[in-house]
Amino acid sequence: MAKPQVVVAPVLMSKLSANAPEFYPSGYSSNYTESYEDGCEDYPTLSEYVQDFLNHLTEQPGSFETEIEQFAETLNGWVTTDDALQELVELIYQQATSIPNFSYMGARLCNYLSHHLTISPQSGNFRQLLLQRCRTEYEAKDQAAKGDEVTRKRFHAFVLFLGELYLNLEIKGTNGQVTRADILQVGLRELLNALFSNPMDDNLICAVKLLKLTGSVLEDTWKEKGKTDMEEIIQRIENVVLDANCSRDVKQMLLKLVELRSSNWGRVHATSTYREATPENDPNYFMNEPTFYTSDGVPFTAADPDYQEKYQELLEREDFFPDYEENGTDLSGAGDPYLDDIDDEMDPEIEEAYEKFCLESERKRKQ
């Protein structure tokens, strides 16, 4: 299989030891092993090996489950110094914040390595170094949110990766209980503040994406602690809709987000004993899944077993805003679920709802 061409930020290079174990994912071709066995000095560096695996996951996300265990075991034999661990963290961070649609996979990878890498130097273990790297970016949030387009684009990629980390990074307590990292929850709250304090279109789009991703989990957690943070966020959204000079399209995105939250983030409370929905026990399991087409024009969804692997690959590449890159700022609106029904004139129902929203918000302000 040809290696995917992926561009990442430059990283430090460190040579592998001569007795380092050799491993390449199944179906993954490389001439590194052959060169090394021939006695050449062209064996891979740590960064080359890790980057190749990250590229492999980017190209074939379905291989994560079958190859992550061997990858972690190999790293345990290679990553034996503080510098090597720092380099590993930076490689994964750069991939997760610079490659579209890799933030989720990057967060899963970080969670697995945080539990399976054995090295724990004085500078910190994998998870601690990862959070330190995120904190470096976090501390520049206010400047980044009001920076130029390139700076904001990089900031938005970081915000969405942190959202994925919050959902996927598991912290195991002394009693074996698994929880989420509270520090990330606090960080996401402050990142939302930074985005709404600088209500440019791309900042608001990033906030919508983050809340659609994490809103239900954040609100549940805050409610358990007796906090009203989500109410405060919704109030800020209402203020933006009424006062900010953002585009009409973005205001409609915000209104639809408020509507989504009012429906409990789209969740339906089951009256019977909870069972995880599966294709076998839920006839509506595939009802809301998108439909794709083969090159011959044949439609297929996840319900078609012959196309399941291809479907999953396409689904993971599909974004919440199809023409808006996950780490980008482009907003064309084509194919966007928020923008599909936007014509030159506002839809009468939306216009009526918008007027009611404005009147209700104004009434609350006067009280």
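This is a predicted model: local features need pLDDT of at least 70, side-chain atom pairs count only at pLDDT 80 or more; totals for chains, interfaces and linings use all residues.
Q: How many disulfides does the structure hold?
A: A disulfide needs two cysteine sulfur atoms within 2.5 Å. The sulfur of Cys-110 has its closest cysteine sulfur in Cys-134, 7.6 Å away, which is too far for a bond. The count of disulfides in the structure is zero.

Q: Is Cys-110 buried or exposed?
A: Buried means under 20% relative accessible area. The relative accessible area of Cys-110 is 0%. Cys-110 is therefore buried.

Q: What is the relative accessibility of Cys-206?
A: The cut-off for a buried residue is under 20%. Cys-206 counts as buried, because its relative accessibility is 1%.

Q: How many aromatic pairs does a search of the whole structure find, and how is the pair of Phe-53 and Phe-71 classed?
A: The search finds four aromatic pairs. Planes under 30 degrees apart count as stacked.

Q: Which helices does the pair of Phe-53 and Phe-71 tie together?
A: The two residues are 18 apart in sequence. Phe-53 is buried at 2% relative accessibility, and Phe-71 is buried at 0%. Phe-53 lies in residues 46-59 and Phe-71 in residues 64-78, so the pair ties together helix α2 and helix α3.

Q: Why is the pair of Tyr-93 and Phe-161 edge-to-face?
A: A pair of aromatic rings is described by the distance of the centres and the angle of the planes. Here the centres of Tyr-93 and Phe-161 are 6.1 Å apart. Planes over 60 degrees apart count as edge-to-face. The pair is edge-to-face because its planes are at 75 degrees.

Q: How many residues apart are Tyr-93 and Phe-161?
A: Tyr-93 is in helix α4, and Phe-161 is in helix α8. Tyr-93 is buried at 3%, and Phe-161 is buried at 0%. The pair links distant parts of the chain, 68 residues apart.

Q: Which charged end sits over the ring of Tyr-93?
A: A charge over a ring must be within 6 Å of the ring centre. Here the distance to the centre of Tyr-93 is 4.1 Å. The charged end belongs to Arg-133.

Q: Which residues is Asn-111 in contact with, leaving aside neighbours within four places in sequence?
A: Asn-111 is found in helix α5, residues 103-116. Asn-111 is buried, at 13% relative accessibility. Its contacts are Asn-168, Leu-169 and Glu-170.

Methods
Residues are numbered from 1 along each chain as its sequence is written. Side-chain values use heavy atoms; hydrogens and water are left out. Buried means under 20% relative accessible area, exposed over 50%, partly exposed in between (1.4 Å probe, protein chains only). Helices (H or I, at least four residues) and strands (E, at least two) are DSSP runs, numbered from the N terminus. Contact means heavy atoms within 4.5 Å. Rings of Phe, Tyr and Trp (its six-membered ring) pair if their centres lie within 6.5 Å; planes under 30 degrees apart count as stacked, over 60 as edge-to-face and the rest as tilted. A charge sits over a ring if NZ of Lys or CZ of Arg is within 6 Å of the ring centre and within 35 degrees of the ring normal.
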